[in-house]
Amino acid sequence: MTSGISRRARVLAAAVGTGVLVPLVAAATPAAAATPTVTCTSAKAGLAAKLKKDITAALATRKGTVAVGLYDRSTNTTCTLRASSAYDSASVVKVTVLATLLWDAKKTNRYLTDRENTLAKAMITKSDNAATSTLWKQLGMTKIKNFLTAAGMTQTKPGANGYWGLTQITVTDEQKLLKLLTAKNAVLSDNSRSYIMKLMGQVVSSQRWGTPYGVPSGVTVAVKNGWLQRSTNGWRVHSVGAFKGGGHDYVMTVLTHGNSTMNYGITTIQAVAKVIHKDLAAS
């Protein structure tokens, strides 16, 4: 009966029967599904599907590795892409540095000194690196880590040996920080929150690219960007922002690396920001 079946076919048939091929199939499945997809949820009918479609389309032709976070309080909308992937922070960490400084000052019931105010303003509005290094050193690793714990930013790993720009950040933790800045909480005082938001609203015009791109008129903007080139993964280009107005109250994080140039990364971030602002404004 089996004379017409080749030896190879009989071996394959036996293999299938014993389940030998199953691991091969299973191993291939994760590889096929390795590209993460945008996930959105919303209390507003149709908004999640629209955002998912438009963010996906905005990234379809872009190279590099992109992580996205969106949270809108008004419609209870959340979108994420690669939410737990780690990126070198570059200057985005400066918001965390200022939050740590204010959190620590509050614990000892003191105001910032004139010197600290000057350093903080330069660090946020002009992305001054020397000011950041001074404050990072003043705070020290223990206070920075203690703030991260208090803020629930468990995925953030401070850069070693004074290299604050190599702090490992994720969309999840940046969104946690932005949420703390934009609503009453037990970690940061109202005065601290408004101070950080004020400085993020005064960022110099040449650094107001990224997440504010395409923001509707009448919506307030608070932003901090970061950019850094390294020998691996090309340019890291990031933007975090908080927006309020037009019936919405939302925070957005876009982290990218593997960009050929800084401008390429900016264009990618702005493609995402544009559709998010547009979809929320229309909802």
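Q: Are α4 and α8 roughly parallel or roughly antiparallel to each other?
A: α4 and α8 are roughly antiparallel. The class comes from the angle alone: under 35 degrees is roughly parallel, over 145 roughly antiparallel, 65 to 115 roughly perpendicular, and the rest oblique. This is a predicted model, where local features need pLDDT of at least 70 and side-chain atom pairs pLDDT 80 or more, while totals for chains, interfaces and linings use all residues. Residues are numbered from 1 along each chain as its sequence is written, and side-chain values use heavy atoms, with hydrogens and water left out.

Q: At what angle do helix α4 and helix α8 pack, and how far apart are their axes?
A: Two packed helices are described by the angle between their axes and the distance between the axes. Helix α4 covers residues 94-107 and helix α8 residues 190-200; their angle is about 150 degrees and their axes are 10 Å apart. Axes are lines fitted to C-alpha atoms, for helices over the stretch in contact, and angles run from 0 to 180 degrees between N-to-C directions. Helices (H or I, at least four residues) and strands (E, at least two) are DSSP runs numbered from the N terminus.

Q: Is the crossing of α4 and α8 left-handed or right-handed?
A: The crossing is right-handed.

Q: Which residues of α4 and α8 meet?
A: On the α4 side they are Val95, Leu98, Ala99 and Leu102, and on the α8 side Ser192, Tyr195, Ile196, Leu199 and Met200. Contact means heavy atoms within 4.5 Å. By class, eight of the residues in the contact of α4 with α8 are nonpolar, one is polar and none is charged. Nonpolar here covers Ala, Val, Leu, Ile, Met, Phe, Trp, Tyr, Cys and Pro; charged covers Asp, Glu, Lys and Arg; the others, Gly among them, are polar.

Q: How do α4 and helix α7 pack?
A: Helix α7 (residues 171-182) packs with α4 at an angle of about 50 degrees, the axes being 11 Å apart. That angle makes α4 oblique to α7. Here the crossing is left-handed. Val95, Thr96 and Ala99 of α4 make the contact with Glu174, Leu177 and Leu181 of α7. Four of these residues are nonpolar, one is polar and one is charged.

Q: Does Glu116 count as buried or exposed?
A: Glu116 is buried, at a relative accessible area of 3%. Buried means under 20%, exposed over 50%, and partly exposed in between, with a 1.4 Å probe and protein chains only. Glu116 sits in helix α5 (residues 114-125). Leaving out residues up to four places away in sequence, Glu116 touches Leu101, Arg110, Tyr111 and Gln138.

Q: What is the phi of Asn109?
A: Most residues other than glycine have a negative phi. Asn109 is not a glycine, yet its phi is positive, about 55 degrees. Asn109 is in the loop between α4 and α5 and counts as exposed at 73% relative accessibility. Ser127 also has a positive phi, near 60 degrees. Ser127 is in the loop between α5 and α6 and counts as buried at 8% relative accessibility.

Definitions and conventions. A crossing is left-handed if the near helix is turned anticlockwise from the far one by less than a right angle, and right-handed if clockwise.
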